[in-house]
Amino acid sequence: MSPDKRIVVDVDNVTVRFKSFVAVEGLSLQIAKGERVAILGRTGAGKSTLLNLLVGNLAPTAGKVRVAGADPFSEHQALQGRIGMAFQSPRLVPWRTALGNVKLGLEILRRSKAEQDRTARQWLEQVHLGSAVDLYPSQLSGGMRQRVSLARAFAIEPDLILLDEAFSALDEVTAADLRNEFLRLCAQIEMTSLIVTHNIEEAFILADRVILLGRPAKILKTFVASEEPAPGTADFVAFRETIHKMIVGNASS
Ligand SMILES: Nc1ncnc2c1ncn2[C@@H]1O[C@H](COP(=O)(O)OP(=O)(O)O)[C@@H](O)[C@H]1O
Ligand SMILES: [Mg+2]
């Protein structure tokens, strides 16, 4: 069996049960290298459960999960440093500078001190924080903190980046800047990503493919972003409303 190197995420007919409760039901999803996939779904749809499967915090009750060819649960070690994450809250270490925070993942990967420094500075430059490397999180604005968090995720040049509502806590202007930044960085290194968001417009801005999850986590519908109205256009407003209804209409509680 030769795993397809182009497939970074392979979720194959996965079910997750918590006792008798079904949180994920027969979910299959593949993400190819360089692809950006967004997951849209209501609270309780199983979005966090899916992320937990991918980072190996949880084993599926049935089915198979592979990230870059490895089983994240049983081969946790093989995936160390190969998944970058950014969350709604930037989760920076308060007593470390911006530079120190970006170095974190590189330290875990045991890169040399010189390389840690060079790589961390380079990624902070990329997110336009070249002059803020020595500032502490408390000295940074919310948008700057999230830039540090993105730099930290990209600096390890992971096989996969997971965004969990990464832009939800920012004001719209800052969020729009960071979305553009994210797309630019992804394009530079052909990054593969899975983007969890409740923001319909954001999903279509960031992703090539948008997946609507029903409850329990089960694919309701998949959209190819390039075939739908572009975010920001008048047609998108009506399209957005249709999607909103699909998500809300799937309320099972
Ligand atoms: N460890 C757990 N034990 C029992 N139920 C859980 C556990 N984790 C999640 N669930 C349930 O599974 C469903 C999906 O949860 P979650 O993945 O957190 O949804 P989302 O992130 O989309 O809001 C929810 O109904 C939640 O209550
Ligand atoms: Mg969640």
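The model is predicted: local features need pLDDT of at least 70, side-chain atom pairs count only at pLDDT 80 or more, and totals for chains, interfaces and linings use all residues. Residues are numbered from 1 along each chain as its sequence is written, chains are lettered from A and ligands numbered from 1 in the order in which they are written, and side-chain values use heavy atoms, with hydrogens and water left out. Helices (H or I, at least four residues) and strands (E, at least two) are DSSP runs, numbered from the N terminus.

**Helix α4 against α5**

- Helix α4 spans residues 142-155 and helix α5 residues 172-188; they pack at about 15°, with axes 11 Å apart. Axes are lines fitted to C-alpha atoms, for helices over the stretch in contact, and angles run from 0 to 180 degrees between N-to-C directions.
- That angle makes α4 roughly parallel to α5. Angles under 35 degrees count as roughly parallel, over 145 as roughly antiparallel, 65 to 115 as roughly perpendicular and the rest as oblique.
- The crossing of α4 past α5 is right-handed. That term applies if the near helix is turned clockwise from the far one by less than a right angle, and left-handed if anticlockwise.
- From α4, G143, Q146, R147, L150 and F154 meet T174, D177, L178, E181, F182, L185 and C186 of α5. Contact means heavy atoms within 4.5 Å.
- The residues of this contact divide into 6 nonpolar, 3 polar and 3 charged. Ala, Val, Leu, Ile, Met, Phe, Trp, Tyr, Cys and Pro count as nonpolar, Asp, Glu, Lys and Arg as charged, and the others, Gly among them, as polar.

**Helix α2 against α4**

- α2 and α4 pack at about 25°, with axes 8 Å apart. They are therefore roughly parallel to each other.
- Their crossing is right-handed.
- A98, N101, V102, L104 and L106 in α2 meet V148, A151, R152 and A155 in α4. This contact has 7 nonpolar, 1 polar and 1 charged residue.

**Largest pocket**

- The largest pocket has a volume of about 590 Å³. On a 1 Å grid over the protein atoms alone, a pocket is an open set of points where a 1.4 Å probe fits, with protein on both sides within 12 Å along at least five of seven lines; lining residues have an atom within 4 Å of a point. Grid points are joined across faces, edges and corners, and a volume is the space filled by probe spheres set on the points.
- It is lined by 19 residues; G81, I83, G84, M85 and I156 lie nearest its centre.
- β5 (83-87), α2 (98-108) and α4 each give two or more residues to the lining. β5 gives the largest share, 4 residues.
- The lining divides into 11 nonpolar, 5 polar and 3 charged residues.

**Backbone features**

- Most residues other than glycine have a negative phi, and most peptide bonds are trans.
- A cis peptide bond joins R215 and P216, with omega about -5°. P216 sits in the loop between β8 (209-214) and β9 (218-224).
- E157 has a positive phi, near 40°. E157 is in the loop between α4 and β6 (160-164).
- E165 also has a positive phi, about 55°. E165 lies in the loop between β6 and α5.
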